[in-house]
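Morning, everyone. I have one structure today, and I will keep it brief.

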Amino acid sequence: MPSPSSVPDETCAKLVSAIGTNDFGPTLLALLESTCGADHCAALTFDQSATRRIIALSSDGSDSAYRSIELYIDRNYTARDKAILEARRSGCGSPPSFAIIDTDTIDDTEFRDVMYRRTNICQRALIATNALDQGFAISVLRTHRAGPFPQCAADWLQSHAGFLVACIRKHYEFQLALSRAVPDLSSLPEIEHVISSSSVRLPRRELQVAARTIYGVTQLGIALELGIGEESVATYRKRTLQRLRIATRHELLHWYLKLWQGHTNLG
């Protein structure tokens, strides 16, 4: 594990770029592996009525973290997790709480044995926050084989707590919006209709290319479908991004979701 101070800013930038995509979880795990020697990581959101998994991954490729977090939710351990309870007591807008817990010192024997001894967890680093009655938590776990967190790793986690929570929250919000819009992403005519309602009027070809990009068609597929060259597809897409003052396909999808929400509300 390299020193956290030697981790380049590009590594954090990759996490930001992965927000809202399927690469977010693996990118977060890779970042936590390189900075903290994480064996497992999980992220949750919780309110007064429910706890929901955002991600749960293990560095060995197993489903250990996933199974543990599903058990945590199923048995409602959020209600007896002291670190989470402390975050819930904090006021909205408070800085994220940070704690490193030696699992052997947890006095709730059932919670300790089921969640940590069963999976050979030595220490748990927890970042948690409460915002607008909805909390977010990131659990970073090291096994007994890896040993306790080095001080430099703990310092890095604490100094980046706000950044990590913000990424988790944005990813969750984006995925939630995406899940609500999934039916509309399955209809190309609907996508074209929504784009045509934008205050930014796109020429016909640019609209067609943008709609098919959002729909998930490859550049070659768009070229074949519209009867134009791949270079033309790239040019139309570039012009569209410039008109919208965005830079990536990820931002194009984000733009469409916001546009769709406004279009739906007007309807």
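Ground rules. This is a predicted model: local features need pLDDT of at least 70, side-chain atom pairs count only at pLDDT 80 or more, and totals for chains, interfaces and linings use all residues. Residues are numbered from 1 along each chain as its sequence is written, and side-chain values use heavy atoms, with hydrogens and water left out.

Overall numbers. The protein chain has 12 helices and 5 strands. Those are DSSP runs, numbered from the N terminus: H or I of at least four residues for helices, E of at least two for strands. The C-alpha trace spans about 65 × 40 × 30 Å along its principal axes. Of the 267 residues, 46% count as buried. Buried means under 20% relative accessible area, exposed over 50%, partly exposed in between, with a 1.4 Å probe and protein chains only.

Now contacts, meaning heavy atoms within 4.5 Å. Take those between residues at least 6 apart in sequence: 63% join residues at least 24 apart.

Surface next. The accessible surface comes to about 13,500 Å², and 51% of that belongs to carbon and sulfur atoms. The method is Shrake-Rupley with a 1.4 Å probe.

On to the cores. A nonpolar core is a set of buried Ala, Val, Leu, Ile, Met, Phe, Trp, Tyr and Cys residues joined through side-chain atoms within 4.5 Å. Which residues touch the most other members of the largest one? Phe-24, Leu-32, Leu-157 and Leu-164, out of 30 residues. At least two residues of this core come from each of α1 (9-18), α2 (24-36), β1 (40-46), β2 (51-58), β4, β5 (134-143), α6 (151-159) and α7 (161-185). Apart from it lies another core, of 23 residues, including Ala-56, Ile-69, Tyr-77 and Ala-83.

Leaving out residues up to four places away in sequence, Phe-24 touches Leu-15, Ala-18, Ile-19, Ile-55, Cys-167, Ile-168 and His-171.

Last, the backbone. Most residues other than glycine have a negative phi. Asn-76 is not a glycine, yet has a positive phi of about 55 degrees. Asn-76 sits in the loop between α3 (64-74) and α4 (82-89). Its relative accessibility is 45%, so Asn-76 counts as partly exposed.

Asn-120 has a positive phi too, of about 60 degrees. The loop here runs between α5 (109-117) and β4 (121-131). Asn-120 counts as partly exposed because its relative accessibility is 39%.

That is my list.
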